[in-house]
Amino acid sequence: MKKLLAMLLSLVMVLSFAACSGEKATNGSDDAAKDAASDFKVGFIFLHDENSTYDKNFIDAALAAADSMGLSDDQIMFKKNIDESSACYDAAADLADAGCDLVFADSFGHEDFMIQAAKEYPDVIFCHATGTKAHTEKLDNFYNAFASIYEGRYLAGVAAGLKINDMIANGQFTADKAKMGYVGAYPYAEVKSGLTSFFLGARSVCPTVTMDVKYTNSWFDIAAEKETANALIADGCILISQHADSEGAPKACEEAGVPNVAYNLDTREWGPNTALVSSKINWQPYFEHIIDAAMNGTKIEQDFCKGLADDVVQIIGLNDAVAAPGTAEKLEEVKAQLISGEIKVFDTATFTVDGKTLDSYEADVDSDENFESDTQVVSDGYFHESEYRSAPYFDIDIDGITTK
């Protein structure tokens, strides 16, 4: 009996020791994880600063993501007003040398310099928005991201079309005078994809609408954007939208009493009487994704692209004082149809090119120095935007839109 009791006592001591050892091992692992997390740093490179609506959208998302991920102020580093030149490489190298585990840049022209840095700092992860080369470079530490913002542009267009219908019904002009204006930055695929989806959304509810487009040839130029908006208004445009990064166009619209559809930010502070609605990319989910992956060694998508269904594309700032009655309800209806796939933004039955239906189109998806078309992107009755890479490649001029 004594021998049995001794054996039991010995077993209890062994189990107790194992339990204590396991607890210590767990605590040790937790402490190591906490130390690793506290040492983690992420750097952000922005083309402009908070004065640009485009960059402010990224900056706000970066701050929100850092907060949600529990990063302290000394774990995030910002480089602002970094132009699309070797200055971007210098900024990326500075961030890597400062101990950043992850570096992100936000403008198309930053890409080649980010790739250069990625090759020279293989232990640092480099991510880039609006770029086209991650899926062809195939570097283990370089990634692209964008969003299906054409869904949000389409929804904003629906709000614009409803407003135009309301203005026609109120006798402000006749249906044949329903001409919108669009302030574009550059005639690039990203801009053309957005302005075309906006136009198609408007025409889905207002069949007589047309649109004039003028380019500023700058991403951010307050004076030029305001001047361009005023020129479009003077030419008979009764509603203005834009893919440009300042408050120039919204302010011009407020002064002229013309409805405005904006991008990236709620512009009601600049146009309380004319701001209609805005569409935006919500970058917070992407930043949380790449920070989490970099901290934990999990996979980052080579070409990240999500939309309305994942709250990465949003409609914000709907102004009830300006919007047509029933706009909010209609937007929810169309949003559900976009998410379900019932509506395809670039449904080839809804537009023509030189009077003809677009039956096929080879886009320049796999970027090279010759910009050669390489991928068939029309099938099943629609243009498959951002499905073969994240950055837009819709660069077609469709009927109903005139470039001035």
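Two strands pair if DSSP finds at least two bridges between them. Helices (H or I, at least four residues) and strands (E, at least two) are DSSP runs, numbered from the N terminus.

## Basis of the model

The model is predicted: local features need pLDDT of at least 70, side-chain atom pairs count only at pLDDT 80 or more, and totals for chains, interfaces and linings use all residues. Residues are numbered from 1 along each chain as its sequence is written, and side-chain values use heavy atoms, with hydrogens and water left out.

## The open sheet

Six parallel strands make up an open sheet, ordered β2-β1-β3-β4-β5-β11. Because β2 (76-79) and β11 (303-306) stand at the edges with a single partner strand each, one side of each has no neighbour in the sheet. From one strand to the next, the twist averages 20°.

Four bridges join β1 (residues 42-45) to β2 in the parallel sense, and Gly43 stands opposite Met77 in β2. Helix α3 (residues 86-97) packs on the sheet, where it touches β1, β2, β3 (102-105) and β4 (125-129). The direction of α3 makes about 165° with that of β1; axes are lines fitted to C-alpha atoms, for helices over the stretch in contact, and angles run from 0 to 180 degrees between N-to-C directions.

## Nonpolar cores

A nonpolar core is a set of buried Ala, Val, Leu, Ile, Met, Phe, Trp, Tyr and Cys residues joined through side-chain atoms within 4.5 Å; buried means under 20% relative accessible area (1.4 Å probe, protein chains only). The largest core has 93 residues, and Met180, Tyr286 and Phe287 have the most contacts inside it. Helix α6 (residues 149-169) gives the most to this core, with 11 residues.

Contact means heavy atoms within 4.5 Å. Leaving aside residues up to four places away in sequence, Met180 touches residues including Ala160, Ile164, Phe198, Phe199 and Leu239. A second, separate core of 22 residues includes Cys88, Ala93, Cys100 and Val124.

## Helix α9

In helix α9 (residues 248-256), the buried residues are Gly248, Ala249, Pro250, Ala252, Cys253 and Glu254. Their cover includes β6 (179-184), α8 (222-234), β8 (239-243) and β9 (260-263).

## The largest pocket

The lining of the largest pocket comprises 27 residues, among which Phe108, Thr132, Asp364, Phe371 and Arg389 lie nearest its centre. Helix α7 gives the most to this lining, with three residues.

Terms used
Buried < 20%, exposed > 50% of the residue type's maximum accessible area, 1.4 Å probe, protein only. 1 Å grid on protein atoms, 1.4 Å probe; cavity = no way out; pocket = protein on both sides within 12 Å on 5 of 7 lines; lining within 4 Å.
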